[in-house]
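Please walk me through this model in a viewer, one selection at a time. I would like to know what to pick next and what is found there.

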Amino acid sequence: MIADIKKLEFDKIKEILSSYTGTDIGHEDVLNIQPINHKETIEKNLLEVEQAKIMILRLDRTPLTGVLDIRSVIKKARIQSVLSIDEFMKIVSHQEAIARTDQYIKKIQNLDIDYSALESYYHGIVNLSSLKKQIDSVIDNKGDIYDNASSKLSRLRNQMKTTEDKIDQKMASLLKSEANKLTDSIITIRNNRLVLPVKSEFKNSFKGMIHDQSASKETVFIEPMACFTLNNELQNLMLEEEAEIERILRELTVYVTEHVEDLTNNLNIFTYLDIVFSKAKFACDYNMTRPTIGNKIKLINARHPLIDPKEVVGNNIIFRDYHHIIITGPNTGGKTVALKTLGLLSIMVQSGMLIPVNEQSETMIFANIFSDIGDEQSIEQSLSTFSSHIGNIIRILNALEDHSLVLLDEIGSGTDPKEGASLAISIMDYIRRKSIYSMVTTHYPELKTYAYNQDDIINASVEFDIESLKPTYKLKVGVPGQSNAISIARRLGLDESICLDAEKVSISFDTDVTKLIQKLEKQSIHLEDQINDYHDKIQSLENQELRLKADKEKQIQEHNRLIAQYEKDNLIKQKEALKEVEQLIEELDELKSQASFKEHKLADIKHRSKNVIKTQPTYQKSTDKKIKVGDQVKVLTYQRNGIVNKKLKNHEFEVQMGVLTVTAKEKELEYIGKPKKEKIQYKTTPKPIKNVKIELDLHGKRYLEAMEELDKFVDDCLLNNLEFAYIIHGIGTMALKKGVEKYAKKNPQIKNFRTGGESEGGNGVTVIYFK
């Protein structure tokens with residue numbers, strides 16, 4: 001696509017964006033971002049940045065420390081050119097970044113942050129811990145090769161250490177015995193050999209090889225003959241060590257070569273994430289949001305991102321049933337800023353960036369984005385302002401195609417006003433032949449009249465405060481601009497008589513069309529105020545609706561939290577109660593076994609058993625609607641829905657809940673509505689459930705809860721064509737066992753049932769067989 005990036009200052013946006021990157025490659029790639037016009041890709045990119053923004057706000061940006069530029073390393077490894085130690089350490093640094101990224105994603109998951117749009121990238125990162133382990137076994141964190149990197153290297157370094165010790169002993173001995181011949185009692189190195197600083201007059205009497213002399217020539221550096229052979233041995237060992245290290249690094253390079261594709265993949269993913277999170281961090285700092293991509297332009301409170309956020313004025317740039325906006329008004333009023341804002345935000349969206357607009361904003365994807373903005377006259381080419389503008393417009397018109405955006409600043413300016421206005425109208429007529437959107441600024445009043453006569457064009461202006469003589473930069477769509485020249489001159493102190501004469505002359509210039517336009521302008525201003533008031537009310541209602549929705553969600557969450565906490569606490573209490581019941585049963589059995597049965601002890605046990613019963617949570621009805629037979633209701637005590645079968649005495653009803661029938665008082669029933677009539681549908685074969693268990697554990701369940709789970713479990717077994725299943729209910733009071741047997745007798749899909757054998761759990765298990 002064609003986009004006038006420089007004219008609309010998108011290059012400056014990219015420079016700002018590059019300051020947010022965390023990698024060298026990301027910094028380079030951000031500067032090469034170009035807008036695209038593929039809708040699906042743009043929507044995908046915008047969602048990625050929005051989710052990254054939420055991840056930053058709730059936690060932090062994805063960790064990129066240690067993600068170095070390893071493109072040259074990969075290139076060398078691909079052709080098995082031996083890598084240096086520094087290059088191996090860069091690879092290790094990458095794997096450490098992967099480990100930090102894994103920890104980051106775990107935190108994101110623990111916080112339940114939605115990162116679905118970016119999940120595939122994180123899952124695509126290949127963990128190369130084995131490669132890191134291999135490198136770490138050879139190179140330490142300071143960049144030195146371990147002695148045990150190979151047996152040969154270990155042997156060579158031991159020999160080097162022994163040889164160096166011998167040399168040190170010899171040199172130390174000579175320092176003492178030849179002290180009078182030395183300029184200093186130190187051992188130094190010249191040409192990678194250990195030498196002693198000998199006075200110049202003793203150079204012939206001191207046995208050894210001269211390697212260097214001082215600048216004053218008073219000292220010569222001699223390698224003692226006694227150490228010459230040992231130094232040669234040391235040099236040979238060092239050469240062997242160097243060759244062995246080369247061999248070790250070559251082997252290690254081969255191992256890296258096997259992972260070059262994974263390294264390339266990881267580098268590409270990290271670079272992409274760097275760009276996404278740079279866009280997201282930019283969006284955080286500039287309060288940017290994701291607009292909806294649709295078929296209209298509705299930018300609410302759009303701000304130019306290059307203007308100081310403390311000073312920038314937001315505008316509503318909205319194209320309703322028109323495709324073209326003509327902005328008129330004085331210079332320095334903000335017309336060009338409005339033009340650039342629309343163009344720049346459109347380029348940013350199509351470059352996968354969030355934009356500084358309010359939520360509920362919407363925009364569309366343009367095939368191309370053209371602009372002719374500013375005075376670009378060239379002295380070298382002898383082009384005037386007019387020629388420069390026309391040359392640019394010719395370029396735009398030659399490349400014009402449907403679904404493009406055209407932005408023209410001061411159309412037709414720089415020449416005779418009459419001819420300029422005629423040319424501007426002709427250009428607009430040409431543009432309107434295609435299905436495009438345009439925003440145009442002008443000084444020509446003829447274009448106001450032209451706009452009034454076209455259904456697809458609307459006048460607009462940028463507000464100017466007469467009192468302060470300053471523009472407010474507020475875009476007013478539907479209201480054409482006024483010159484205000486006489487009013488401004490009067491405010492600046494021009495003689496009143498001159499101002500009055502000017503107004504008389506101005507009136508004499510006014511034609512019937514001009515007067516009509518002035519009348520329409522007043523009506524437009526009034527209508528604009530009404531529209532703004534209407535939109536303010538709509539916005540207020542939408543905000544109120546959002547607040548109410550958020551409050552409702554919080555209440556539901558709090559309700560669920562309290563219920564969950566209650567169930568947790570109640571489970572603990574039930575376990576404690578179960579222990580007490582078991583203890584009471586034991587005491588009762590013991591009491592019965594005694595020869596002398598005393599009534600007061602039995603009464604005491606009954607009293608204690610009553611205290612075991614725990615109160616249930618009290619649920620409140622949200623409606624007082626009377627309950628009738630056939631109504632769909634919620635049974636509050638069980639928090640389950642059912643249908644009212646019949647009305648009983650004492651304000652009680654019989655309610656069918658699945659396979660269960662319960663009796664409940666009216667105050668325990670909450671009206672939901674009339675049951676929906678089921679439409680006759682062709683039967684479809686239900687899909688089997690994967691990994692269905694062959695047993696159901698009902699331990700610790702209340703009777704109704706257990707029966708409900710049993711009903712669902714039997715359905716799952718039937719769907720998966722199981723022949724039999726085990727129902728584990730325990731012994732206890734035998735209430736659950738009786739309930740399971742009662743259910744099995746009534747269910748036509750169950751052929752028969754039996755008590756479990758000794759190896760199956762005995763009386764605590766019922767085995768059911770399906771037909």
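**Cysteines and confidence**

Start by selecting Cys717, a buried residue with a relative accessible area of 0%. Then pick Cys227, which is buried as well, at 0% relative accessibility. The count of disulfides in this predicted model is zero.

Next, colour the chain by pLDDT. The mean is 83, and 86% of the residues reach 70 or more. Select residues 376-382, where the pLDDT is below 50; this stretch has seven contacts beyond near neighbours in sequence. Residues 679-685 also have pLDDT below 50, but that stretch has zero such contacts.

**Aromatic rings**

Now show the aromatic side chains; the structure holds nine aromatic pairs. Select Tyr20 and Phe282, a tilted pair with 5.8 Å centre to centre and 40° between the planes. Tyr20 lies in the loop between helix H1 (10-18) and helix H2 (24-30), while Phe282 belongs to helix H10 (residues 260-285), 262 residues apart. Tyr20 is buried at 16% relative accessibility, and Phe282 is buried at 0%.

Move to Phe724 and Tyr769, another tilted pair, at 6.0 Å centre to centre and 40° between the planes. Phe724 is in strand S21 (residues 724-728) and Tyr769 in strand S23 (residues 765-770), 45 residues apart. Phe724 is partly exposed at 28% relative accessibility, and Tyr769 is partly exposed at 24%.

For a cluster, select Phe319, Tyr322, Phe366 and Tyr437 together.

**Charges over rings**

Finish with two arginines. The charged end of Arg190 sits over the ring of Phe221, 4.0 Å from its centre. Arg193 lies over the face of Phe228, 5.3 Å from the ring centre.

Technical notes
Residues numbered from 1 in each chain as written. Predicted model: local features only at pLDDT ≥ 70, side-chain atom pairs only at ≥ 80, totals over all residues. Heavy atoms only, no water. Disulfide = S-S within 2.5 Å. Buried < 20%, exposed > 50% of the residue type's maximum accessible area, 1.4 Å probe, protein only. pLDDT = per-residue confidence, 0-100. Contact = heavy atoms within 4.5 Å. Phe/Tyr/Trp six-rings, centres within 6.5 Å; stacked < 30°, edge-to-face > 60°. Helix = DSSP H or I, 4+ residues; strand = E, 2+ residues; numbered from the N terminus. Lys NZ or Arg CZ within 6 Å of the ring centre and 35° of its normal.
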